[in-house]
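Keep the structure open as you read.

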Amino acid sequence: MRKNHYILICALSLSLWVFVSHYVFLGRSNNEFSNNIGDVDKALSDLSADINSELEIHNLMMESVQQSIVQKKRALEKAEQENMQVVINNEKFHYSKDAIAIIVIACNRVTVSRCLDLLIKYRPSVEKFPIIVSQDCNHEATTNVIKSYQNQVHLIQQPNQQDIAVPPKEKKFKGYFKIARHYGWALNQMFYEFNFSTAIVIEDDLDIAPDFFEYFLGTYPLLISDPTL
């Protein structure tokens, strides 16, 4: 009887130990599982917030890039409207839409440098007043002088160097016929080839005054507004 009582007590103790152990470990496992789930949820939430933040930054950057592209496109369109492109000797140049071309008529005077020096000295704007030297005669020394100014002036050369047949009684005026041919070719280049609307013609032995450009800028509106001029 006492033995059975002892066995019963041991069985009850073992059952109690199993129950307590199960309760403790099960509760601990549930808490750890709950904690793990909480950590995962927090990590996912943080990741989602980071992704949303990155997307927002990306969208702002894309918007900024698009605005920059639009602004540059508008600036180019505005520049194209305000400027004109001129192709001289297969090179492209950009000048103001209302640019006034300065045509220097040259032939065989190396002293053309004096005229060009004064034009460059007093010129208020390269874009407003492009200087184009039109040379006749194929005089090499004069050509070299003009080319020495590089991109400060443009050199064009009258290609027709054939002799001009004139009546015997007008033979002494042959030089003027050649000059007229040169003028006609140079002006056609200015207005039809280069598409300038206004030009000032200067001969290579002319010394300009300091107010040369100011004078023509002041009278230019009159030329535009008065059709009788």
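In this predicted model, helix α3 spans residues 140–147, and its buried residues are Thr142, Thr143 and Ile146. Viewed down the axis of α3, these residues fall within an arc of 100°, so they line one face of the helix. The general rule behind this is simple: an α-helix has 3.6 residues a turn, so residues three or four places apart point the same way. What covers the buried residues of α3? The cover includes β3, α2 (112–122), β4 (131–135) and β5 (154–157).

Strand β3 covers residues 100–106 and runs parallel to β6, joined to it by six bridges. Val104 stands opposite Ile202 of β6. Side chains alternate along β6. Thr198, Ile200 and Ile202 point to one face and are buried.

Now turn to the cores. In soluble globular proteins, nonpolar side chains tend to be buried together. Here the largest nonpolar core has 22 residues. Those with the most contacts inside this core are Ile102, Val104, Leu116, Leu119, Val133, Ile202 and Phe212. Two or more residues each come from β3, α2, β4, β6 and α5 (212–225). Helix α2 gives the most, with five residues. Phe212 touches Ile102, Leu119, Ile200 and Ile202, leaving aside residues up to four places away in sequence. Another core, of 16 residues, lies apart from the largest one; Val86, Ile103, Ile156 and Phe194 are among its members.

Aromatic rings come next. The whole structure holds six aromatic pairs. One of them joins Tyr95 and Phe196, tilted, at 6.4 Å centre to centre with 45° between the planes. This pair links distant parts of the chain. Tyr95 sits in strand β2 (residues 91–96), while Phe196 is in the loop between α4 (174–193) and β6 (198–203), 101 residues apart. Both Tyr95 and Phe196 are buried.

Tyr215 and Phe216 make an edge-to-face pair: 5.3 Å centre to centre, 85° between the planes. Are these two residues buried or exposed? Tyr215 is exposed, because its relative accessible area is 53% and the cut-off for exposed is over 50%. Phe216 counts as partly exposed, because its relative accessibility is 26%. Ring pairs link Tyr215 and Phe216 into a cluster with Phe129, Phe212 and Phe213.

One charge also meets a ring. Lys128 lies over the face of Tyr220, 5.5 Å from the ring centre.

Definitions and conventions
Residues numbered from 1 in each chain as written. Predicted model: local features only at pLDDT ≥ 70, side-chain atom pairs only at ≥ 80, totals over all residues. Heavy atoms only, no water. Phe/Tyr/Trp six-rings, centres within 6.5 Å; stacked < 30°, edge-to-face > 60°. Helix = DSSP H or I, 4+ residues; strand = E, 2+ residues; numbered from the N terminus. Buried < 20%, exposed > 50% of the residue type's maximum accessible area, 1.4 Å probe, protein only. Lys NZ or Arg CZ within 6 Å of the ring centre and 35° of its normal. Pairing = 2+ DSSP bridges. Arc of directions from axis to C-beta. Contact = heavy atoms within 4.5 Å. Core = buried A, V, L, I, M, F, W, Y, C linked by side-chain atoms within 4.5 Å.
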